[in-house]
Structures are given as C-alpha cells and as structure tokens.
Amino acid sequence: MAERKIRNLNPEEIECRVGTVMEQGITLLLYKNARVDQTILDEVFGICGWQRRHNMIGSELYCILSIWDDEKQQWVQKEDVGTESDYEKAKGAASDSFKRACFNIGIGRELYSAPFIYIPINKVQVGDKNGKKYVKDRFSVKNIHTTADKTITDLEIVNQRGETVYTYRTASASRQSIETDQKEEQAELISDQDIQNLYAELGRTGVTVQKILSRYGITSVKEMDQNTYKRALSGLRRTKTAA
C-alpha cells in the first residue's frame, strides 16, 4: 500500500474539555471526536477505502479499522479497545474504540504530545451547583502547530469571548520563529521612502554614500535590505550634524 499522509488536525477539529476544577484553577484536555475521524478517513482513503466493525472480547468492546491496500489487494487492519461513557454506555464504548483505532493509523496522534494545560482561576468563570463547582466558560483551540513527527510546538486556547487563556510554545519553536522573522526582514529590500530617509541623514551628517556602500559591502543603496538599512540609519542618527 502506497504510504498516504495523515494530516494534522485543524484547530476547529479539536475539542477542549475540562479535566479538573481546583481552588487555584482548572485543567483542560484535548480530544477529537468520531466525526473528525470519519472525515479524515474519507479524505485520505475515500469513502469505499475503509471500513469498521466491532467485536466483544470478554467484557470489552474492540473496534477493527480496516484500510484497503490496492497493491496487495487486501484489507490492512488496526484495532483497539474502548471504554464506556456515562451517557449511552454501549454507544460510548463503540465510539471510543473507533477513535482509538484511528489513533493507531495516525489521526490526531499529535494530541498525545499535548502539554499540561492549566488555566488560573482568575481567567475562568466558575459556578456552584448543589455544592459542586463547575466551569461556565467554553474553550476552543485558536492556533496549533506541530512538527513533522506530530509533536505540538505551539498552542493557543481561547474562551467563548475570544480571550486568550492559555499559550504554549517550545524553545525550538521560538528560535525558529525568530530566525524566520530575521530572514524575512533581511530579504525585504528598502522602499523609496527609506532611501529618502537615508539620504536626508547623509546630507545632515556629511557622510558620503560611498562610505555607506563600502561599509556594508554593496554597490547601490537599492541593494540594501531592511536589516542593513536599520543599522545604517541608526548609526547615522547617532552622528553629529555636519558644520
């Protein structure tokens, strides 16, 4: 079977559920639902390229997920067990086993790398019902980025009002972002307005254009990128006005 790439989940395909409610804050867990799994299976393998069935083994319900292999002309199977939910136990176990089987082929596997998500109590609206605390807010993933091996590097969670309540970024992601910004800045050439600003400072200080070109190893002012321009302009502005 030719390898088919399982895409990462989009932000709107990830559910945020409250894990625990404490005096100091709450925790959140990230989930996917069975409808998302079905959508991605259809996208990657086609509506006729996969199938599922369930078997009881002892007291446990298992899902067998089968993917059609065109080269071998046979079904390739992955299976996993499910647990009952508090609501509609049999249906919950069937859905859970299906979602776990889909994890086995890579759908949503990046969720396993999710960081510990803790939101302080001052960012959450909490109520009390029959002596039990509950969270009034709803949460969703606004942004998420992962590596090629499905490891989450960036995560932003917001509430129903669009307020950011949690952010996460790995050190490597931060360095990569800085390097990308620097490269983009260096690649962007200066504008006509930038050139006018530069010549105005050259006129004020009496520094020659040739001196600037020689210092930065370029043959024309138009070859300047934004980084070089900012360095040159900063140096000129620190220079005294010519007599």
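I take buried to mean under 20% relative accessible area, exposed over 50%, and partly exposed in between, with a 1.4 Å probe and protein chains only. Leucine 61 comes out at 15% relative accessibility, so I log leucine 61 as buried.

**Ground rules.** I am working on a predicted model, where local features need pLDDT of at least 70, side-chain atom pairs count only at pLDDT 80 or more, and totals for chains, interfaces and linings use all residues. Residues are numbered from 1 along each chain as its sequence is written, and side-chain values use heavy atoms, with hydrogens and water left out.

**Whole chain.** I counted six helices and eleven strands in the protein chain. These are DSSP runs numbered from the N terminus: helices are H or I with at least four residues, strands are E with at least two. Of the 243 residues, 37% count as buried. I then looked up contacts, meaning heavy atoms within 4.5 Å. Among contacts between residues at least 6 apart in sequence, 52% join residues at least 24 apart. The accessible surface comes to about 15,300 Å², and carbon and sulfur atoms hold 48% of that. The areas come from the Shrake-Rupley method with a 1.4 Å probe.

**Leucine 61.** I placed leucine 61 in strand β4, residues 60-69. Its C-alpha atom is 8.6 Å from that of aspartate 80, which is 19 residues away along the chain.

**Positive phi.** I checked two residues other than glycine. Glutamine 73 has phi near 55 degrees, a positive value. Glutamine 73 sits in the loop between β4 and β5 (74-81). Its relative accessibility is 52%, so glutamine 73 counts as exposed. Lysine 150 has phi near 65 degrees, again positive. I found lysine 150 in the loop between β9 (139-146) and β10 (152-159). At 16% relative accessibility, lysine 150 counts as buried.

**Helix pair.** I looked at α4 (residues 192-205) against α6 (residues 226-237): the angle is about 25 degrees, and the axes are 10 Å apart. That makes α4 roughly parallel to α6, a label for angles under 35 degrees. The axes are lines fitted to C-alpha atoms over the stretch in contact, and angles run from 0 to 180 degrees between N-to-C directions. On the α4 side I noted Asp194, Asn197, Leu198, Glu201, Leu202, Arg204 and Thr205; they meet Gln226, Tyr229, Ala232, Leu233, Leu236 and Arg237 in α6. By class, I have six nonpolar, three polar and four charged residues in this contact. Here Ala, Val, Leu, Ile, Met, Phe, Trp, Tyr, Cys and Pro count as nonpolar, Asp, Glu, Lys and Arg as charged, and the others, Gly among them, as polar.

How values were computed: Angles under 35 degrees count as roughly parallel, over 145 as roughly antiparallel, 65 to 115 as roughly perpendicular and the rest as oblique.
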